[in-house]
Amino acid sequence: MAKIVGEMGASSRRVIERWEALRKLTLCIASVFILYMGVAALWESMGLPTPPLPVKLMAMVALSVGFVWALRRVHRAFATGEKRRGQAMCGAKGDDVVGRLLAELPDDYHVFHDLSRLCGDIDHIVIGPTGLFIIETKAHGGKVSVEGDMLLVNGHPPVEKDLLAQSWRNAYWVHDLLQNTLAVEIFPVPLLVFAHAFVSAPCPVKGVRVLNKRLLLQTILKGPHADLPIARVIEVLRQKMGATPMITG
């Protein structure tokens, strides 16, 4: 079994947690405003002395601003947050599927899950006798096909981002990291893996190998033998992940 570092799908789960925290915050602010209005109405009905006008106005303005802000946040959260939450949950499931497959690699392979970089996260990195692989996992359903150098999902280009460019950005980031720390030229192999979709013709597209989960282990294990400073690369990646304790499969 491969040696595992990191938690698969961690970045997707962080998106879900942030959405839940935002939802709770907006509900809390709205509840405070409603409570204030209720107390104010009760205060008036009991004939109690009215607070000084400046104090009353300041309280009303502050709570009104907070309530409007809360409503705007709620609107945005439910307009876009629910979609992002759904995508994150789907992405986490896709990462889990691919992560379980990668754990089946032989014990001379190391798998790194969810390595954070400045502009995103790398889903999986694999290093072993056959090379260094950067794996971007996608949870799209349906059919993935290729027309020329264009990747299509269910007959259309992916709407959320350029998946091929994302794969190359991750690969070059790892390349630059190793070059700057080890002073060696190592070009990772970028893999774009669809955990649930059918890939009609697995093949390289703009240098990125596009495949479904069934061909993942075969693609890694049948790669040409690579003469890499594996131990040094592993140490750099472990340090980049904050020296995450290693979990043996």
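In the hairpin made by strand 5 and strand 6, with 2 residues between the strands, G148 takes a positive phi near 65 degrees. Helices (H or I, at least four residues) and strands (E, at least two) are DSSP runs, numbered from the N terminus, and two strands pair if DSSP finds at least two bridges between them. This is a predicted model, in which local features need pLDDT of at least 70 and side-chain atom pairs count only at pLDDT 80 or more, while totals for chains, interfaces and linings use all residues. Residues are numbered from 1 along each chain as its sequence is written, and side-chain values use heavy atoms, with hydrogens and water left out.

**The hairpin and its sheet**

- Strand 5 (residues 143-147) and strand 6 (residues 150-153) run antiparallel and are joined by 4 bridges.
- Among the bridge partners in strand 6, M150 goes with E147 and V153 goes with V144.
- An open sheet of 3 strands has the order 6-5-8, with mixed pairing.
- Strand 6 and strand 8 (198-199) each have a single partner strand at the edges of the sheet, so one side of each is left without a neighbour there.

**Helix 5 and what surrounds it**

- Helix 5 (residues 230-240) has V233, I234, V236, L237 and R238 buried, where buried means under 20% relative accessible area, exposed means over 50%, and partly exposed lies in between (1.4 Å probe, protein chains only).
- Those buried residues pack against strand 1 (3-5), strand 2 (110-117), strand 3 (120-128) and helix 3 (163-182).
- Two packed helices are described by the angle between their axes and the distance between the axes.
- For helix 3 and helix 5, the axes come within 11 Å and cross at roughly 110 degrees; axes are lines fitted to C-alpha atoms, for helices over the stretch in contact, and angles run from 0 to 180 degrees between N-to-C directions.
- Helix 3 and helix 5 are therefore roughly perpendicular, on a scale where angles under 35 degrees count as roughly parallel, over 145 as roughly antiparallel, 65 to 115 as roughly perpendicular and the rest as oblique.
- W173, L177, L178, T181 and L182 of helix 3 meet R232, V233, V236, L237 and K240 of helix 5 (contact means heavy atoms within 4.5 Å).

**T130, a buried loop residue**

- T130 sits in the loop between strand 3 and strand 4 (131-138), and its 11% relative accessibility is why T130 counts as buried.

**K138 and the salt bridge**

- The whole structure contains 1 salt bridge, defined as a side-chain nitrogen of Lys or Arg within 4 Å of a carboxyl oxygen of Asp or Glu.
- E136 and K138 form a salt bridge whose closest N and O atoms are 3.1 Å apart, and both residues are buried.
- K138 belongs to strand 4 and has 9% relative accessibility.
- D95 is 43 residues from K138 in sequence, with a C-alpha to C-alpha distance of 7.9 Å.
- Outside four places in sequence, K138 touches residues including K161, L163, Q166 and F194.
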